[in-house]
Amino acid sequence: MLKVQRIHAFDDNYIWLIGCPDRPQVAIVDPGDADPVIAHLEREGLQPVAILITHHHGDHTGGVSELVQRYGVPVYGPARERIPS
């Protein structure tokens with residue numbers, strides 16, 4: 001079973017974390033802003049292992065570069081999308 005957590009971002013969006021309930025590793029989905037993700041990861045003791053991107057819009061990719069720089073995780077997304085990192 002997977003555990004899905006949501007992090008509120010901007011006025012009308014969410015960033016998602018997907019992982020196993022009994023493990024600290026999570027995948028980050030569509031991180032439009034790095035700051036709330038970093039705060040949540042630190043507060044909950046979670047370790048990112050990948051970033052998943054659904055499409056190139058800034059509200060889905062705005063935090064990618066900072067998260068990659070901080071955690072050194074790979075980024076996965078559609079082949080023809082303009083995704084940072």
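**From an aromatic pair to the sheet and the core**

When the whole structure is searched, one aromatic pair is found. The rings of Tyr14 and Trp16 have their centres 5.7 Å apart and their planes at 45 degrees, so the pair counts as tilted; rings of Phe, Tyr and Trp (its six-membered ring) pair if their centres lie within 6.5 Å, and planes under 30 degrees apart count as stacked, over 60 as edge-to-face and the rest as tilted. This is a predicted model, in which local features need pLDDT of at least 70 and side-chain atom pairs count only at pLDDT 80 or more, while totals for chains, interfaces and linings use all residues. Residues are numbered from 1 along each chain as its sequence is written, and side-chain values use heavy atoms, with hydrogens and water left out.

Strand β1 (residues 3-9) and strand β2 (residues 13-19) pair in the antiparallel sense over seven bridges, where strands are DSSP runs (E, at least two residues) and helices are runs of H or I with at least four, numbered from the N terminus, and two strands pair if DSSP finds at least two bridges between them. Lys3 has Gly19 in β2 as its bridge partner, and in the hairpin of β1 and β2, with three residues between the strands, Phe10 takes a positive phi near 55 degrees.

Five strands form an open sheet in the order β1-β2-β3-β4-β5, with mixed pairing. Because β1 and β5 (75-76) stand at the edges, each with a single partner strand, one side of each is left without a neighbour in the sheet. Further in, β2 and β3 run antiparallel and are joined by four bridges, and Leu17 has Ile28 in β3 as its bridge partner.

Both Leu17 and Ile28 are also among the residues with the most contacts inside the largest nonpolar core, which has 16 residues; such a core is a set of buried Ala, Val, Leu, Ile, Met, Phe, Trp, Tyr and Cys residues joined through side-chain atoms within 4.5 Å. The elements that give two or more residues to this core are β1, β2, β3 (25-29), α1 (34-44) and α3 (64-71), and α1 gives the most, with four residues.

Conventions: Buried means under 20% relative accessible area, exposed over 50%, partly exposed in between (1.4 Å probe, protein chains only).
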